[in-house]
Amino acid sequence: MPHLLAPLLADGVIDEIAGRLKSGKEADLWLVRHAGEIVAAKVYKQRQARSFRNNAAYKEGRLVRDTRTQRAMQRGTRFGQAAAEDAWKAKEAEALHTLHAAGVRVPRPVLFYEGVLLMEVVLGVGGHPAPRLVDAHVPRETAAALYADLRGQAIAMLCCDLVHGDLSPYNVLLGRSGPVVIDFPQVVGAAHNSQAEGFFRRDLENLRRFFAARDPALHAAAGDAREIWRAYERRELTPGFVPAQARGGNARPGRDSRPARSDPRHPPAAAAGRAAILSPRAPSATPGHARATGAAHPPAVSAHGPGRPPEVPRRRRRRRRRSSGAGRSS
Ligand SMILES: Nc1ncnc2c1ncn2[C@@H]1O[C@H](COP(=O)(O)OP(=O)(O)OP(=O)(O)O)[C@@H](O)[C@H]1O
Ligand SMILES: [Mg+2]
């Protein structure tokens, strides 16, 4: 038994360890029983064993609320290092909450407790844990639709001011309701990290190149990431944004016919599908000092979240409103 799951057993947060799901570079995944449901438990490896541990580029712009802790983290004291470690682990749970609430197809977060993340097990066809995109057979006929779907997920994340930062076919699972994006501890704040654009472009290009190797028509989508980022900077990005090449070259800011994912009046089909597969229970009450991620980190849902990029000058804004008539909400 992994010793990092022992506190969860001792405190009654989990009842049983059902088995090991996967061992990754940054974490070990276990199947555990929590409140009668089998969920995935992500147990992060020690800092020394992780490849992202020293990458300051990902941490830029991440702030903790307490300034004393922030200073200790900057000075690198022992207390500061421990706090930085806690903050790193908590980041994935926070991101999952924000993104799941906004309708992005990510595993449903269940609980973050003692540095362990409990979340929905993503199931593939046949009811087994879903395969990674990189391990799956992707026929040419499905490549463009899968790319368009994942581009939509990346856009919806950006509408929450988040960039995955390590998006690739290794961090996408082919779930029954569509591709599911996983693995968020290195997530980057789009408005607070000076390298966010580079991360975003690399993320989307990783996926586009993977699919273009199956369907060469996707070479034409090489400009998608740049165009999406430009729309984000201009505050014109909505979850339904479609780049020009995918609309057949129309140069106007794109929207498809789907409702915005964060619009509660139109729950996304993917979220509805997921609810049908897995029990739709809300995170359950937890004993002791359990920290339900939802309670500790109220979801900063929506494209109107706190971390918007700098305001554009008022004159430009007025002109744009007159000419387009389109607000950010849809
Ligand atoms: N919620 C989940 N449901 C089903 N399988 C999962 C889930 N989360 C993770 N996995 C499986 O565990 C593997 C490792 O998870 P994750 O990518 O989050 O950790 P990691 O340490 O970063 O791994 P890697 O180094 O392989 O990227 C995934 O590739 C996937 O196969
Ligand atoms: Mg991974």
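**Notes on a predicted model with a ligand**

1. Let's start at the ligand: the shell around ligand 1 holds 22 residues, and K22, G24, K25, E26 and D183 come nearest. (A residue counts as near a molecule if its C-beta atom, placed from the backbone, lies within 6 Å of it.) Strands β1 (16–23), β2 (27–34) and β3 (37–44) are the elements that give two or more residues to this shell. Sorted by class, the shell has 13 nonpolar, two polar and seven charged residues. Here Ala, Val, Leu, Ile, Met, Phe, Trp, Tyr, Cys and Pro count as nonpolar, Asp, Glu, Lys and Arg as charged, and the others, Gly among them, as polar.

2. A word on what you're looking at: this is a predicted model, where local features need pLDDT of at least 70, side-chain atom pairs count only at pLDDT 80 or more, and totals for chains, interfaces and linings use all residues. Residues are numbered from 1 along each chain as its sequence is written, while chains are lettered from A and ligands numbered from 1 in the order in which they are written.

3. How far does the predictor trust itself? The protein chain averages a pLDDT (the predictor's confidence in each residue, from 0 to 100) of 77, and 68% of the residues score at least 70. Over residues 251–330 pLDDT stays under 50, and the model has 116 contacts beyond four places in sequence for that stretch. A contact means two C-beta atoms, placed from the backbone, within 7 Å.

4. Overall, the protein chain has ten helices and nine strands. These are DSSP runs numbered from the N terminus: helices are H or I with at least four residues, strands E with at least two. Of its 330 residues, 36% count as buried. Buried means 20 or more other C-beta atoms within 10 Å of a residue's own, exposed means 12 or fewer, and partly exposed is in between, with C-beta atoms placed from the backbone.

5. Back to D183, which sits in the loop between β8 (178–181) and β9 (188–189). D183 is buried, because 24 other C-beta atoms lie within 10 Å. Its phi is positive, about 75°, although D183 is not a glycine. A27, in strand β2, is 156 residues from D183 in sequence, yet their C-alpha atoms are 9.6 Å apart in space. A27 is buried too, with 21 other C-beta atoms within 10 Å.

6. What does the largest nonpolar core look like? It has 70 residues, and those with the most contacts inside it are L99, M157, L158 and V163. Helix α5 (residues 140–159) gives the largest share, nine residues. Such a core is a set of buried Ala, Val, Leu, Ile, Met, Phe, Trp, Tyr and Cys residues joined through C-beta atoms within 7 Å. Leaving out residues up to four places away in sequence, L99 touches V104, V106, M157, C160 and L162.

7. Have a look at helix α7 (residues 224–233) as well, where D224, A225, I228, W229 and Y232 are buried. They cover an arc of only 125° around the axis, so they are on the same side of α7; the arc is that of the directions from the helix axis to the C-beta atoms. These buried residues pack against α5 and α6 (196–212). R235 follows α7 and has a positive phi, near 65°.
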